[in-house]
Amino acid sequence: MPHVAHVAPPVELPIGGDARHDATMDADDLIAAAVEQTGLDDFGEPSFRDGLDVLVAALNDEAELNDIGRPAAEAMLTGALVNRLKVTGWWNRHPELADETIEAPVFIVGVSRSGTTALSHLLVNDPANRSLLAWEAQDPVPPPTAESYGTDPRLLAALEAEQNSMMEMLNPGFKAIHHDPPDMPIECVTLMAHDFVSLQYGAAFNVGSYVDWVLERDHHATYEYHRRVLQLLQSGGVRGRWQLKTPHHGLAVETIADVYPDARFIWTHRDPALCVVSTASTTRGLSRTFSDADRRLFQGELWARVLSEMIDRTAAAREQLGDDRFVDVSYADLVADPVAAVCRLKADLGEPVTTELE
C-alpha cells in the first residue's frame, strides 16, 4: 500500500544481482549478519522471530524475486534486525527511558490512498506536534537532540543519498506515485518492521501468506516495541505531541488504545473503491522492482481484502472506544482546501489555531 508500506527499503539497493540469489533465504543467516554488523546480540522480546520466520518462508516460496529482489529483501530484513538490536541495546544502557511519557498521541488511521500522507505532511508544521521523520525512523540510535535536529549527520547523509537513489534508478516512475523525503513524516510501519509485523513487507513483495499472518497476529508486542522507540527518540529533547500515521494502524486501533490509553484517532475518508484501485496500482508499481512476475490480479484481490479489514476493524474499535476518541477528515475537503480542513480538525480536537499556524 502506498501509505502503508510504499516506502523504499532503508538501504541502498544492489546492482547486478547476487551470486546467492538462487539459494534459499535463511532467517538464522540474517540474524547472524545483524549480530556481526552491530556486535550486539540482544533482540529483546523474542516474539519478533515469529514474523521473521513467516516472512522469510513467504519470500522463498511466493515472492518470485528477481536478481534485484533477493539481495534487496535480505538487506531490508537485515536492516530491520540491526535497528532492533540498536534500539534494544540503547534501552539496556539507558533504563531511565522507561520514565519517558508518550502523552496523548494522535494516530491517523485512514486506509491507504485516503490522504494520510498529505495530512501528516500538513500537521508536521504544527510546532506542538512531534512527527516521526523518515531519517530518524531509518536510523533511530542515538536519539536526535533538539540542538542538532535539523543538522544531524544522519539527516544530511539521507538527503545526500536521496540525490543518487538506487531505487530512483531502478524504478524512476515510483517517486511520482508515493514519496517520503528524509526530512518529512514517514509511516510507523518502518518501526513496526523491526518486529516483523508490518505491511511494509507486504507492499514491497508478493507475500500473501505473510499478509494473512499479519491480519491474524495479535499486535500488542509490536505496539509495545513501537512505544519504546518513540520513548527513545524523544529522550534526546525533541518533544511534542506525537502525530503518527500508517493505514496499518487501522487493523489494531483497540490494541493501540491499550498501549496508549489517551490516544486519539484521525480517520481519513475517501471512496473505498478508489482507494483499493490506487493501492493495488501502487503496490504493483513498487513490487515489480523486485519481481518480474505479473501479479496484478493478486494485488487487486489482496488489497481489497486488507482495506476492507482496516475499515471494519476501525469501525468496530470506534463502537467500543466511543466517538469522542475519533475525528473525521474528508479526502475531498482535504484536497479542496487543505488549510481549512486542518483548521476544522484542530477545532474538533479542541485545540486553538493561531494565525501563524494557519
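The structure holds zero disulfides, a disulfide being a pair of cysteine sulfur atoms within 2.5 Å. Cysteine 188 is buried, with a relative accessible area of 0%, and cysteine 343 is buried at 18%. Buried here means under 20% relative accessible area, exposed means over 50%, and partly exposed lies in between, with a 1.4 Å probe and protein chains only.

## Basis of the model

This is a predicted model in which local features need pLDDT of at least 70 and side-chain atom pairs count only at pLDDT 80 or more, whereas totals for chains, interfaces and linings use all residues. Residues are numbered from 1 along each chain as its sequence is written, and side-chain values use heavy atoms, with hydrogens and water left out.

## Overall composition

The secondary structure of the protein chain comes to 17 helices and five strands. Helices (H or I, at least four residues) and strands (E, at least two) are DSSP runs, numbered from the N terminus. Of the 358 residues in the protein chain, 54% are buried.

The chain exposes about 14600 Å², of which carbon and sulfur atoms supply 51%; accessible areas come from the Shrake-Rupley method with a 1.4 Å probe, and for residues only the protein chains shown count as cover. Among contacts between residues at least 6 apart in sequence, 83% join residues at least 24 apart. Contact means heavy atoms within 4.5 Å.

## Helix packing

Helix H2 (residues 27-38) and helix H3 (residues 48-61) have axes that come within 10 Å and cross at roughly 125°. This angle makes H2 oblique to H3. Axes are lines fitted to C-alpha atoms, for helices over the stretch in contact, and angles run from 0 to 180 degrees between N-to-C directions. Angles under 35 degrees count as roughly parallel, over 145 as roughly antiparallel, 65 to 115 as roughly perpendicular and the rest as oblique. On the H2 side the contact is made by Ala27, Asp28, Leu30 and Ile31, and on the H3 side by Phe48, Arg49, Leu52, Asp53 and Val56. By class, this contact of H2 with H3 has six nonpolar, no polar and three charged residues. Ala, Val, Leu, Ile, Met, Phe, Trp, Tyr, Cys and Pro count as nonpolar, Asp, Glu, Lys and Arg as charged, and the others, Gly among them, as polar.

Helix H11 (residues 208-216) packs with helix H15 (residues 296-321) at an angle of about 5°, their axes being 11 Å apart. H11 is therefore roughly parallel to H15. In H11, the residues Gly208, Val211, Asp212 and Leu215 meet Phe298, Leu302, Arg305, Val306, Glu309 and Arg313 in H15. The contact of H11 with H15 has five nonpolar, one polar and four charged residues.

## Buried polar and charged positions

Glutamine 243 has its place in strand S3 (residues 241-245) and counts as buried at 3% relative accessibility. Leaving aside neighbours within four places in sequence, glutamine 243 is in contact with Val106, Ile108, Ser120, Leu123, Val124, Asn129, Arg130, Ser131, Leu132 and Pro185. Ser120 and Leu123 are among the buried residues of helix H5, together with Thr116, Thr117, Leu119 and His121. Helix H5 (residues 116-123) is mostly covered, with six of its eight residues buried.

Lysine 346 lies in helix H17 (residues 338-348) and is buried at 5% relative accessibility. Not counting residues up to four places away in sequence, lysine 346 touches Asp126, Arg241, Glu351, Pro352, Val353 and Leu357.

## Backbone features in loops

A cis peptide bond, with omega about 0°, joins valine 141 and proline 142. Proline 142 is found in the loop between helix H6 (134-138) and helix H7 (153-163).

Glutamate 64 is not a glycine, yet has a positive phi of about 50°. Glutamate 64 is found in the loop between H3 and helix H4 (69-93), and is partly exposed, with a relative accessible area of 48%. Phenylalanine 196 is likewise not a glycine and has a positive phi of about 60°. Phenylalanine 196 lies in the loop between helix H9 (189-192) and helix H10 (199-204), and counts as buried at 0% relative accessibility.
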